[in-house]
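Here is a short report on one protein chain. Keep the model open while you read.

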Amino acid sequence: MAEGEGNLGQQRAVSLLQEATRLIREWPGSSNDVSSAQVASPNVISQSESHATTSSGVTTVRPVNTSNRERVLGNFRNLFAPYGNTGRRSLSSSTQLAQPSGKRRKTQSAVAFRRETWTHVFFCLANREQCVTPTVTLKAKLQQAGLGREKICFNWKATAVEVKAKLEQVYPKLSHSGGFDILRRGVQTSDLVFIQPPRSGYSVSFLRDTAGLGQAIAFIRPIQNNLDITPAMDSSEDTDSAPLVECINCKVEIPVTEIRQHKESCCRDEELLEITLAVEGDKDSVEDSVSDTAICFNGQEQACHLGTVVCDDCNDTIPAEQTIEHSSICRGGCSGIVTTRHTSADTNNLVTISSASHADSHSESDVVSIQNILPALSETEISTALNLYNGNVEQAVELLLDEDGESDQLDVQMNTDDSLVDLLKKLRPISGAPQRLTVCRDSIFEDSIAFFKQRKFDFTVPIKITFAGEPAIDGGGPVREFFTILTRELLSSSSSIRLFEGRNSRFLPIHNTDAVRSNLFKVAGRIVAASVFHGGPGFPVFSRAIYLYFQNPNSDDLSEHISKEDVVDMYVVEALNKLDNIKQEDVSTFAGEIQSLLVEAGFPYLLTFENRFQAMASLCLHSVLLSRKAELDQFMSGLGPLINLIRKHPDQTEPLLVAGQAKPPSAEDLLSLVEYEEVDEVRKDFFKQYVCTESSRLSGLLMFVTGCKTIPPMGFRNAITILQNDSVYPNANTCPLELELPGQVNTYGEFKKNMDSAIDIQKEGFGIV
């Protein structure tokens with residue numbers, strides 16, 4: 001808008017305001033002193049008649065429509081309210097009515113606020129070994145148990161003693177913990193990082209100003225004792241007023257709020273289950289045993305113990321259907337739960353459950369397929385397991401394997417430390433609904449990427465493998481073979497996706513930004529950890545310097561442990577060898593050749609004969625660690641619970657990752673793992689001679705029998721059983737770890753030839769040849 005047009009509009013607005021003021025003043029009954037506030041008041045015009053001024057100056061009176069007048073007043077009020085309410089001066093000095101300006105009230109000075117409290121959000125965990133943030137399900141359980149998330153207010157200067165007392169007041173169960181740690185989320189949001197307290201303990205000043213909590217949740221973790229997660233009873237609730245419903249199994253009326261828990265523990269179906277013991281002997285003794293073991297209960301007495309498991313961390317006996325929930329609570333999802341049979345005190349025989357009103361829920365082909373995997377079991381035992389799981393072959397195999405190698409497993413001698421086995425068993429996946437994966441052997445890594453790349457990948461859930469086109473049910477053998485091949489593929493130079501490079505059996509991740517953006521090194525870390533937890537091989541390919549980096553990435557002395565043997569880049573290796581043997585007169589010439597390498601490694605000096613070793617140290621540090629730090633950090637994040645185990649027990653876990661620590665199987669190792677069952681002395685001698693003289697064949701033999709080329713860090717669940725067949729060729733069942741020696745050979749030469757042929761043809765793969 002031009003300046004002239006703006007002035008014209010402003011003059012027009014002033015003229016209209018003056019006219020409006022004059023008209024208001026002329027209303028009958030209105031005073032001549034109309035304030036600016038009255039202009040905007042709805043009560044200014046209160047007459048029932050409207051006045052009009054004719055051209056001759058005579059004022060006439062005419063009736064006015066009341067509703068129309070109110071509408072006009074409303075519009076007027078909205079238009080001119082700012083002029084009447086703000087107390088500003090009128091735009092026209094001639095029509096302005098002077099009003100005394102009120103005295104400005106003196107603004108009171110702000111009173112300085114003195115903070116006397118500090119409030120923060122805390123989350124109390126139940127497990128003393130919790131190392132990851134709890135799941136949504138676990139958070140709900142902890143909250144119901146009187147733990148979980150709370151916003152707590154402390155005195156601004158509260159000491160460590162006062163902080164402890166306040167926390168135990170909010171979380172009464174914490175008083176039985178035997179002390180507590182405070183943690184916060186790490187770089188990976190699922191990880192929990194321990195906050196090291198000062199010698200005086202966790203005071204408010206430390207937590208507020210020094211610990212670096214900020215607005216992050218402070219997680220409280222017990223030190224000595226796991227906390228009880230039984231739901232806290234609210235005494236204010238009137239449970240007697242809850243409506244009752246009748247249990248359709250035991251016909252007992254249960255509060256509707258408790259019927260679900262009751263249903264899980266009630267072991268009656270539509271018809272009473274007949275529980276028998278598959279034992280030989282007198283029928284009366286069988287009935288006595290049944291009465292001592294497991295009886296369906298009436299009322300609210302819980303006397304049935306069938307289908308229970310024992311946690312090997314807290315030793316609690318829990319229902320089988322609650323193992324997954326218990327695992328997420330006990331050891332923060334790192335619990336090892338061993339399935340057990342609950343029979344009478346004087347028998348260890350198999351408990352069978354059958355229903356008279358239900359037909360067999362399986363086919364003969366299911367029985368035959370399981371017998372091919374577990375030939376030592378009878379058809380009755382297999383049928384019983386299939387009936388128990390409504391014909392589910394996978395679950396039946398799991399049950400039979402658990403019963404075949406339960407708590408009386410042999411503690412075989414291995415090249416790994418027994419304490420390492422004990423530590424790894426606590427991280428073993430628990431029985432439950434498995435994660436299933438079908439892979440092709442020719443593209444095993446590509447087929448596995450999406451599976452291990454899942455955002456909510458869970459190490460506590462077992463993995464079941466199916467090899468495309470192979471008739472194998474995973475009872476342990478296929479998953480071991482899967483991880484053996486998959487970890488080998490990670491190191492293969494011919495792989496379509498190369499992630500590692502190495503020499504002399506030492507490997508490092510390849511510097512690859514595309515792989516980092518795709519999280520492929522995290523996938524590799526998950527593969528290694530899952531392999532160890534599922535009884536597969538470790539990944540002993542790193543130098544000791546890298547292993548120290550895994551223990552503490554912020555260590556100041558890592559460079560002291562890096563040597564030129566750790567370098568895998570051949571161009572850098574060649575430069576290091578020349579620097580190590582260079583003559584003084586050749587330094588200036590060679591400096592020009594490797595100047596780009598030195599600049600890239602961050603060596604800021606001119607190369608001389610005196611500082612050549614310093615230049616070598618810079619080259620080694622950069623080539624081994626600094627240039628691959630992003631890849632190593634991502635691989636480390638994929639290790640999940642395994643990295644915490646490594647940092648707590650670095651000496652015991654060294655064979656998992658350090659090159660040269662995992663030795664190939666020896667004859668003594670292999671023979672210590674076996675036990676013979678109905679094998680004649682001739683075949684025993686042939687087998688022992690084969691193992692002792694054919695050392696180059698031992699890895700293949702172990703792969704043929706178990707699915708692993710080496711003895712895995714966790715060991716095997718039970719001994720390798722040596723049997724004898726009626727064929728000229730051996731046969732192996734990797735799930736129950738059984739090797740059938742050829743019974744129709746009479747000379748060692750023929751025995752060796754047929755063993756070599758079987759191992760060469762079928763050390764990998766499942767099927768009958």
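Leu737 lies in the loop between β21 (731–733) and β22 (738–741). Strands here are DSSP runs of E with at least two residues, helices are runs of H or I with at least four residues, and both are numbered from the N terminus. Leu737 is buried, with a relative accessible area of 2%. Buried means under 20% relative accessible area, exposed over 50%, and partly exposed in between, using a 1.4 Å probe and protein chains only. Phi of Leu737 is near 60°, a positive value in a residue other than glycine. Most residues other than glycine have a negative phi.

Asn504 is another non-glycine residue with a positive phi, about 55°. Asn504 sits in the loop between β17 and β18 (506–509). Asn504 is exposed, at a relative accessible area of 58%.

## Model and chain

This is a predicted model, in which local features need pLDDT of at least 70, side-chain atom pairs count only at pLDDT 80 or more, and totals for chains, interfaces and linings use all residues. Residues are numbered from 1 along each chain as its sequence is written, and side-chain values use heavy atoms, with hydrogens and water left out.

The chain holds 29 helices and 22 strands. Of its 769 residues, 44% are buried. Contact means heavy atoms within 4.5 Å. Among contacts between residues at least 6 apart in sequence, 67% join residues at least 24 apart.

## Helix α15 and its neighbours

Helix α15 (residues 477–491) has 15 residues. From first C-alpha to last it reaches 22 Å, close to the 21 Å expected at 1.5 Å a residue. The expected span is 1.5 Å times one less than the number of residues. Helix α15 is mostly covered, with 12 of its 15 residues buried. Among them are Arg480, Glu481, Phe482 and Phe483. The buried residues of α15 pack against β15 (435–439), α14 (444–452), β16 (463–467), β17 (500–503), α17 and α28 (698–706).

How do α14 and α15 cross? Their axes come within 10 Å and cross at roughly 100°. Axes are lines fitted to C-alpha atoms, for helices over the stretch in contact, and angles run from 0 to 180 degrees between N-to-C directions. The two helices are therefore roughly perpendicular, a label for angles of 65 to 115 degrees. On α14, the contact is made by Ile444, Phe445, Ser448 and Phe452. On α15, it is made by Phe482, Phe483, Ile485, Leu486, Glu489 and Leu490.

## Helix α17

Helix α17 covers residues 520–533. Its 14 residues should span 20 Å, and its end C-alpha atoms are 20 Å apart, which agrees. Of those 14 residues, 13 are buried, so α17 is largely enclosed by the rest of the structure. Just after α17, Gly535 takes a positive phi of about 80°.

## A five-stranded sheet

An open sheet of 5 strands runs in the order β4-β3-β7-β5-β6, with mixed pairing. Its edge strands are β4 (148–155) and β6 (192–194), each pairing on one side only. Two strands pair if DSSP finds at least two bridges between them. The twist averages 40° from one strand to the next.

Strand β5 (residues 180–185) is joined to β6 by 3 bridges, and the two run antiparallel. Arg184 stands opposite Val193 in β6. Helix α5 (residues 160–170) lies across β3 (117–124), β4, β5 and β7 (218–222). Helix α5 runs at about 140° to β4.

Conventions:
Angles under 35 degrees count as roughly parallel, over 145 as roughly antiparallel, 65 to 115 as roughly perpendicular and the rest as oblique.
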